[in-house]
Amino acid sequence: MVSSRQGFPSWISAASATRVDFEGNADNMLKTAHDDSTTQKPKAVADVNLSFEERAFSAAGAAFISAIIVNPLDVAKTRLQAQAAGVPYKTCFETNTMFPDMRSSQSCSRLVVGSEPLCPPECHRYTGTLDVFYKVIRQEGFARLWRGTNASLALAVPTVGIYMPCYDIFRDSMEEFTTNNAPTLTPYVPLVAGVFARSLACISCYPIELARTRMQAFKETKSGIKPAGVWKTLVGVINPVTSTNCIQNLQNYRILWTGLSSQLARDVPFSAICWATLEPIRRKLLVSVGDEAGAGSILGANFAAGFVAGSIAAAVTCPLDVAKTRRQIEKDPVKSLKMTTRQTLREIWRDGGMKGLLAGLGPRVGRTGPSVGIVVSFYEVVKFALHYRHEDHE
C-alpha cells in the first residue's frame with residue numbers, strides 16, 4: 001500500500017494538510033512528514049480529484065447498507081411518533097384459534113364484560129421500542145420491520161448520493177477559499193457545507209421521504225392485501241386534490257412536498273451539528289493513532305466520529321423530527337397544506353408536553369448514530385479504494 005506517511009493513506013494526508021483546527025492553527029503534521037520523504041512515490045490522485053460520479057457511487061453504496069440495517073429502528077421511531085400524534089394502533093393479538101369466542105393474548109390479558117371482550121388500555125398502545133418490535137413481529141410478521149425499505153433505499157441512495165459528494169465539494173472549495181482569505185472562518189466550513197448540501201438533497205428527494213413515512217406509519221387493516229408501494233402511496237396522496245384544471249393540478253402537486261419546511265427545519269440543524277462535531281473528532285482520532293494507523297484504525301475513527309456526531313445531532317433535533325412525522329401523516333389535504341412547523345410544535349407541546357416532543361427519541365438516536373457511522377466510514381473506504389485504483393493506472 002502506497003502512503004504519504006506510514007499508516008496514513010495519501011488521500012487522508014492530502015486532506016489533513018490543508019485543514020485548520022478549531023483554534024485556527026494550521027495542522028501541518030502530515031505535511032511535514034510528507035516533505036521529509038523525498039524518496040516516496042508522489043501521490044497521483046488526491047481525494048479532492050475524485051469525480052462527482054465516483055463520490056456518488058461511494059455514498060450510494062454506504063446508504064444502501066445503512067438503510068437495510070437500521071430500517072427496523074426507523075419503523076419503531078415512526079410508529080411511536082405516529083401514535084403520539086393520535087394514529088390508533090390496536091396492539092392486542094389473538095392466539096386461540098380453536099375457540100374464537102374465548103380469544104386470548106400473550107401480550108395482555110382480556111377482560112370479558114357480558115359477551116364483549118375488552119382489552120386493557122395498554123393493549124392499544126406501544127410502550128417503547130422493544131414493544132414495537134415484539135408486537136409488529138407477532139401481529140404483522142417479521143418482514144414488517146423492513147416495511148418501507150424499498151422507499152428507504154429509493155430515498156437513501158439518491159439523497160446520500162447527492163448529499164455526501166456535495167458536502168465534500170462544498171467543504172473543499174470553501175476551505176481552500178477561507179484558508180487563503182479568512183483563516184478564522186475555516187473552522188465553520190463543515191457546518192456551512194453540511195447545511196447547503198443537506199438542503200439540496202432534501203428538496204430533490206422529498207416526495208420519496210413522504211411516501212416512506214406514510215408506509216411505515218400506517219398498518220394494513222385488510223388481510224391478504226399487499227401493502228401499497230412508493231408509487232401507489234404517492235398516487236394516494238395526490239388523488240384527493242386532483243381536478244380537471246391542469247394549472248390547478250400543478251399547484252396541487254405541491255402536496256408531495258407537504259412537511260418540507262419541517263424536514264428542512266430538522267435536517268439543516270442536524271447536518272450543521274453533525275458535521276461541526278464529526279470533523280474535529282475524526283481529525284483528533286486520526287492524529288491520535290499516529291504511525292500505528294492502518295485501514296482498520298481509519299475505518300474505526302470514521303465510524304466512531306460518525307456515531308457520536310449522529311447521536312448528538314439526532315437527540316438535539318428530535319422535536320423537529322416529531323413535527324415532520326406529524327405533518328407527513330396528516331391525511332386531510334387541506335389541513336396538511338396549511339400546517340406550519342411552528343404550529344405543529346405548539347400542537348405537540350399542548351397535547352403531550354416534553355414527552356410528546358421527544359416521542360421516538362430512543363429509536364431515533366439508536367438508528368441515526370450507527371447510520372451516520374456506517375455511511376461515513378463506508379464512504380471514506382470506497383473513496384480510498386477508488387483513489388488507489390487511480391494510482392494503479394498511473
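How are α3 and α11 oriented to each other: roughly parallel or roughly perpendicular?

Analyst: Quick ground rules: this is a predicted model, with local features needing pLDDT of at least 70 and side-chain atom pairs counting only at pLDDT 80 or more, while totals for chains, interfaces and linings use all residues. Residues are numbered from 1 along each chain as its sequence is written, and side-chain values use heavy atoms, leaving out hydrogens and water.

Now the helices, which are DSSP runs (H or I, at least four residues) numbered from the N terminus. Helix α3 covers residues 52–84 and helix α11 residues 318–328; they pack at about 75°, axes 9 Å apart. Those axes are lines fitted to C-alpha atoms over the stretch in contact, and the angle, on a scale from 0 to 180 degrees, is taken between N-to-C directions. α3 and α11 are therefore roughly perpendicular to each other, a label that covers 65 to 115 degrees.

Who does the touching (heavy atoms within 4.5 Å)? On the α3 side, Lys77, Thr78, Gln81, Ala82 and Ala84; on the α11 side, Asp321, Val322, Thr325 and Arg326.

Elsewhere in α3 sits Ser66. Ser66 is buried at 3% relative accessible area (buried means under 20%, with a 1.4 Å probe and protein chains only). Leaving aside residues up to four places away in sequence, Ser66 touches Ser371, Ile374 and Val375.

Back at α11, whose range is residues 318–328, Cys318 is buried too, with a relative accessible area of 0%.

Technical notes: Helix = DSSP H or I, 4+ residues; strand = E, 2+ residues; numbered from the N terminus. Parallel < 35°, antiparallel > 145°, perpendicular 65-115°, else oblique. Contact = heavy atoms within 4.5 Å. Buried < 20%, exposed > 50% of the residue type's maximum accessible area, 1.4 Å probe, protein only.
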